[in-house]
Amino acid sequence: MGDTYSIVFITSIVSFAVSVVSNYTVDTQFSVSIVNISQMPGHFITDSDHIDHSDVVTKFLELVEQYEQNKYNCTTGTNFTLGDGVIKQYGKKRFKAQALVAVNRANFLTRIWKDADKNILSSENFFFSAVRSMLEGDPELFAAGNCYDKQEFKNYRLFCPYSHRTEDGRLNVKDLSVEYDYLGNDSEWFYSARVKASKLENFNYTIGYIQPRYNGTHHDERIIDRVISVTYEHGHWSKPYFDCGGGNIWMMTYTVPFFGYKNGTFKFKGTSGIDIDLQKVDIDQCPNIPGSTERNVFAGSAKCKQETTRCVPIEGLGFRRGSYKCVCKDGYYFPDISASPRYYNGSEIEAEFAKKERGELTRYDTFVCEPCAVGCDTCEDGSPCILSLDWLTRSLLLGISCIVMCCIPLLIWFSVQYRDVKVMKAASPVLLRLIVLGAFFLYCPLITGYFEASVLTCILRCWFREIGFSISYGALLLKTWRISVVFRVRSAQRVKISDTDLIKRLLLIIFVFAAYLTARTIAGPPQVVEGKHYNELKAFQCSADWWDHSAAIAELLFLIWGIRLCIVVRKAPSEFNESRFISWAIYNETLLSLFLNVSMIFLQHPFPSNPDLVYLVIFIHTQLTTTVTLAFLFGSKAYHIYRRGKNDENSHTTMISKGGSKKSKSPNNTYNTNLLNNSNNISYSDKVDDAECESLLEKDIQEEFRRLYTQLEYLKQRNMKIGNRHLQHKLSAMTEAAQKDTPNSVPASPAINGKRVMINLDIFKESTDL
């Protein structure tokens, strides 16, 4: 609170306390302490006086209670007032409907004193009945009165018909002016109304018509009726005061002026007012709501332990201390979990605090709440609110993954140690090592996922997964693509795709995935979302948004392209069946990735969250895809090396001289030599699978010879029909020349990479018979 507010508030408290002490003695020691605050007339309270606002309000409310307990010994009048903060907060909001009763009665009296018959205006009983009727219509009203100004009713100096409720609930009507003089400036409720009424230009006039009765069937001519009227805004709520001699209670009064009419002019005649019993007005001792502009002098005087509890007003307890309860703040719980209700009563707290102030034994310091378990926003007891991770199961799964990852260095050693073996050469050891590197990254999400979910672990999981996938399966698909390119070539055409070319394309694939991951990390990094386990405990796990869905779709499309390549090369000849194992690995990854993505949908919000189950699914997926892929690729090679030995690379090979094949001058030998030279150039890698290449070239040569013999036989038969015996003789000579040095109809086999390609020309001859 600001200095100005503190000065006004404490000054009003001091004034009230001094007036109480001067008119009524309740507690000599306490009265002296209040009087000592001001020290001397004209002294203003400042921050340097070190007066605690809460303590002043507490002692003030104690004084109010003591005064009410001794109300029958008070001095008649309404001198004992409080600040106006309570009125602004309560009176103008809660009791506006009751105040409108006084407004309606004021306008009624103004019209009566303008147009009524003199017999009515002189009847005291009429005005007593009028104030009684105000209470009879509204049980919220404690009292109502119409108090006249000096010499405004008959020849009475003052006249104030007043009706109020007694302790037994009955209505008592009397002339309040007999008990005390309300014309003094200390009677705020009357003085403020008279000041407002002095400015007639601030009031409105009601203009209408009156039609008097002429006889039983007709009205007389209409008469214009013009009278001054008041509204709710013209009234005034007084400060709370103790009505000694009236109702003997603490009350608030709303008054509004009414007017008399004389010589064509309206003038102030008196007030119409209602009284509200403050026992029906609750004191709000809780702190002001932040941003509130309403003034409440009692705000912040509650004795709740602010560290663990908060103040909540209790309605209906009236104008007394302790009209609040101290409930536990969010994050704390009531110590006695079996208690009902679970809060500390303000009246009990005030009583225990008073004992503490007097130095007596007290329980005040026990009115605290206990903190909830870690992660709980609210709680009923100390039970946990966050799902505890199954660290035993997680540790077991992580241990198995680490054991599998320890095999990665062995696989790299294996690819280096046996790099010169034919089965390893055929598989391109460089690409195999890249596949192993990608597999290492694919295992890493199991390490990051082992810990509790955080933004960092969620980001790392995405990076490891996508980079590992792009390296490992990118290399597999590129190997398959190279085989499909060579397999589609059906001529002695030279096709060369080296490992370097594949690595360049692999780097492009990795770059695309890295660009996606960078954009996601900057624009929409994965977050930790809060879900609910089936037992209603909180569970935290990485979010899944459209970024994840886009990545899953991209992976699926990439694998579908791989499936297409696998279908293309499914009949490609291969001595070591590596393309078949690659196909199995791609089919396996496609099906299991589809299963993983679908299952992850049901492990996210709004379905029950279970981080342990998510971790288990990721573990199973990794082992059934990455581990199985490595087993396919390296298991078959280990089988060839350790079970068959290294004789496989020499079983079907024969080295040819460095000078190459000698060229024949015959047409057939010349063609075979050129075909063989072209076949030797059909190499897609310096270290490609020799056996697969030889098998593929052998088949191509077989096809070339088939086409050649078909054409020769076709020309032979055609020339026989047209009778060109000379050309037929030459064609036969060409065919015989191709077979003259080959026993058993087997021509000389060309050498390819140091091996002989066996060609059975009888097969071609039979197939070309027309």
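**Exercise 1. Work out how strands β1 and β2 pair, and what β2 does on its other partner, β3.**

Step 1. Start with β1 (residues 143–148): this strand pairs with β2 in the antiparallel sense, over three bridges. Strands here are DSSP runs (E, at least two residues), just as helices are runs of H or I with at least four residues, numbered from the N terminus. Two strands pair if DSSP finds at least two bridges between them.

Before going on, a word on what you're looking at: this is a predicted model, where local features need pLDDT of at least 70 and side-chain atom pairs count only at pLDDT 80 or more, while totals for chains, interfaces and linings use all residues. Residues are numbered from 1 along each chain as its sequence is written, and side-chain values use heavy atoms, with hydrogens and water left out.

Step 2. Look at β3 (residues 171–175), which pairs with β2 in the antiparallel sense over five bridges. The two form a hairpin with five residues between them, and Gly-169 in the turn has a positive phi of about 90°.

Step 3. Check how covered β2 (residues 161–165) is: four of its five residues are buried. Buried means under 20% relative accessible area, exposed over 50%, and partly exposed in between (1.4 Å probe, protein chains only).

**Exercise 2. Decide how the rings of Trp-113 and Phe-127 are arranged, and what the pair ties together.**

Step 1. Take the rule: rings of Phe, Tyr and Trp (its six-membered ring) pair if their centres lie within 6.5 Å; planes under 30 degrees apart count as stacked, over 60 as edge-to-face and the rest as tilted. By this rule there are 44 aromatic pairs.

Step 2. The centres of Trp-113 and Phe-127 are 5.8 Å apart and their planes are at 10°, so this pair is stacked.

Step 3. Trp-113 lies in helix α5 (residues 96–115) and Phe-127 in helix α7 (residues 124–136), so the pair ties together parts 14 residues apart in sequence.

Step 4. Trp-113 is buried at 13% relative accessible area, and Phe-127 is buried at 0%.

**Exercise 3. Find the charge that sits over Tyr-209.**

Step 1. The test is that NZ of Lys or CZ of Arg is within 6 Å of the ring centre and within 35 degrees of the ring normal.

Step 2. Arg-222 lies over the face of Tyr-209, at 4.3 Å from the ring centre.
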